[in-house]
Amino acid sequence: MQFGMILLVLVIACSAAGSLIVQQREPMEYVNRYGSQTAQLILALKLNDVFSAPYFFVLMAALCLNLTLCSILRLPRTMKAAQQLRTNACGVQPTSALEQGQADRLCGLLKKRHFRCEECDGRKIYTKNLFGFYGSFLTHLSFLLVLVVGAAAVVTAQVTDQTVMPGETLVLDDGASITVEAFQIEDATGKLDYASQLVMKSADGKREAAKQIRVNEPLSFEGYKVYQQTYGTAGSVLIHNNLNGASEVMTLIEACFLTLDGKNGMFFQALYPGYVTDADGSVTLITSTSGDYSDPVYDVLSVSAGMMTPVLAFPGETLTIGDVSFTLQDPVSYPGLRIKHMNTAILGALYAVFLLMVAALYLCFFTVPVAVAVTQDGYAVLAPKTQTGLLIDIQSCLEEEE
Amino acid sequence: MEILFFASIVVYFAATMLQAVGVALRKEKLCRAARIAFAVGFALHTIFTAWRGIAAGRLPLANQFEFASGFAWSAAIMGLVLYARLKQEWVLTVSMPVAFLVLSYAAFQPMEIKELMPALRSTWFALHIGSATFSYAAFAIAGGLGAHYLIQLKKGHAESEIRMKQTDYMAYRLICLGFLLLTVVILSGAIWAEQAWSRWWSWDPKETWALITWILYAIYLHQRMRMKWQGRRMAWFAVIAVFCVLFTFAGVNKLLPGLHSYAV
Ligand code: HEM
């Protein structure tokens, strides 16, 4: 087997290993799954992270190099072959004999197949798809370009994940801003939707785009793409200072101690989506991950005079601790956004090379170059060996009417 | 309407049997009956698929059942079109069992119509999955032609030299078509993944196995075009490669869940 094909077989072997063995887990998980000896082997060969292992990069690099060299070395030969096909057809000796009248029938078949006809030294030369000579070169070129431009697209993209509360605005490093106007888990009909209504503005505030984003429908704006990536639900509390009358609403995402004097206050532990009351009246909290907060319960500690009292509070309830009142609010759902900045030229190039690859393969497979020289008593087909189809057609055409 | 689905399986089976007996006994009448049955089965299958699309309000290719049914439908239409063009019995001898077996596999999958999950609501969906059904069907028929070639060879050239060459060549052309379509599947999948999850490629098992299948067929094409392999060796290759297609199609969903696990 040739070197290039061996490299391709090795890519298959690595990919198969990378999909059959779970990737990027803790070493202990491999020991539990496969036993300690196999786990050692997996870790030593880096089969736990094949696609970022150095040998995988070396393999891909070798494949690219081999393909580049093959294609470059072959190109002059390809160009020469493309030019010479017609000349060769002019001088070639017929390889198959034609009986009386068969030449016309053959010419008819070739014309029907959209061959171009030329006269040369008293014989007819039929050619088709001469550009197809470049099919495999273009296929290889497009394959290399997909790898190179794809790698450039991945390396140059800047990606940040950010949670933004509805009503808040996130200002990016270059001054552009994203405002989350609203976020909904379900649409009006009750179907799961996970959609954020966004407004994105350029740094100078002159240009803006608004869109409701959801899976598959990111917002694209001046090289940015904003994705609806995750979501979460947070608690919310209205804090009222009874001494000076000041109020403030705070979002409760993580455990925190809300206090004015550092001693007395409310310690927020967690927000639960629901609860069940047992026959004896005791309450069991539910930890569901479905995103549905049907009966939300706040698990808090009331901290006062050095005493901590656990409290289960419902939205609307107020806890007054010292001089501060804490009124627990309905929970708010918020989106986790992924903000990706990509060079638009690279993105355009990537789409272009994708198209080039499909076009090149089409050229390779469906526009196979061929020339047929026809004299009164014989013919010859000049084409790659894979043109068996044409040879069969010619034979059947000649046999048919005999 | 499910009755249409089961009716098409039965009719495809009848067509396969009639064709097998007709070819074995060289009875043209039986082969003609098989062709008619196959066309009827295909018509029933088409009506069922169209009904399901209308009932679901989307392209009926969203889960393993629908995808398998689409795969069988693609194999049937490819067989019928090739037969219409080539008028060669062996095209149907191979595509009939492919359509029957794949549709029977579909019958073992959960059939209820489910709402399309958000990640599948995309314009790339039609291109990505539509090309996959045709690509798999092309590879499966090519594998069937490979098997047919090997059986004929074993029988000691029961078919004429030209017929053997035609079978060999047709398998190669179908692999070219399947390869082109699989390229479209992979590229449109990458664009879609970027739209849905912001990543072009994540080495998810389904992606990885589609790539493995693609490389395997690239090797087939190189051996054919560069090393001028033909006949027996290529027939074996086409047969063996079908197992890789089948693993990508069904095995990955069952054994290696990942981002594509909705397809179970
Ligand atoms: C699609 C993915 C493809 C990959 C990854 C690929 C890879 C390669 C590699 C690595 C080689 C070098 C082999 C060697 O000389 O050792 C090669 C050679 C070659 N490939 Fe491809 N190829 C692809 C597609 C195609 C297609 C579709 C054609 C179709 C016509 C093709 C035609 C050729 C030819 C003619 C050579 C010989 C080059 C020479 O002799 O220098 N390749 N390919």
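**Close-up views of a two-chain model**

**View 1. R25(A) and E29(A) pair up in chain A.** E29(A) forms a salt bridge with R25(A), and their closest N and O atoms are 2.9 Å apart; a salt bridge here is a side-chain nitrogen of Lys or Arg within 4 Å of a carboxyl oxygen of Asp or Glu. Before going on, please note that this is a predicted model, in which local features need pLDDT of at least 70 and side-chain atom pairs count only at pLDDT 80 or more, while totals for chains, interfaces and linings use all residues. Residues are numbered from 1 along each chain as its sequence is written, chains are lettered from A and ligands numbered from 1 in the order in which they are written, and side-chain values use heavy atoms, with hydrogens and water left out. E29(A) is partly exposed at 26% relative accessibility, and R25(A) is partly exposed too, at 38%; buried means under 20% relative accessible area, exposed over 50%, and partly exposed in between (1.4 Å probe, protein chains only). Over all chains, the structure holds 17 salt bridges.

**View 2. E66(B) meets two arginines in chain B.** E66(B) forms a salt bridge with R52(B), with the closest N and O atoms 2.8 Å apart. E66(B) lies in helix α3 (residues 64–86) and R52(B) in helix α2 (residues 28–56), so the pair ties together parts that are 14 residues apart in sequence. Helices are DSSP runs (H or I, at least four residues), numbered from the N terminus. The side chain of E66(B) also meets that of R58(B) in a salt bridge of 2.9 Å, N to O. E66(B) is buried at 1% relative accessibility, R52(B) is buried at 1%, and R58(B) is buried as well.

**View 3. Helix α7 of chain A packs against both chains.** Helix α7(A), residues 344–366, has 23 residues and reaches 33 Å from its first C-alpha to its last. That is close to the 33 Å expected at 1.5 Å a residue, where the expected span is 1.5 Å times one less than the number of residues. Its buried residues include I346(A), L350(A), F354(A) and F365(A). The buried residues of α7(A) pack against α6 (135–156) of chain A together with α6 (161–197) and α7 (205–225) of chain B; contact means heavy atoms within 4.5 Å.

**View 4. Chain B and chain A meet.** The contact takes 48 residues from chain B and 44 residues from chain A. Together the chains bury about 4,300 Å², 69% of it on carbon and sulfur atoms; buried area is the accessible area (1.4 Å probe) that two parts lose on being put together, summed over both. Two salt bridges are found across this interface. K340(A) and E194(B) meet through their side chains in a salt bridge of 2.8 Å, N to O. On the side of chain B that touches chain A, the largest share, 20 residues, comes from α6(B).

**View 5. L150(B) sits buried in helix α5 of chain B.** L150(B) lies in helix α5, residues 124–154, and is buried with a relative accessible area of 15%. Not counting residues up to four places away in sequence, L150(B) touches R232(B), A235(B), W236(B) and V239(B).

Key:
Helices (H or I, at least four residues) and strands (E, at least two) are DSSP runs, numbered from the N terminus.
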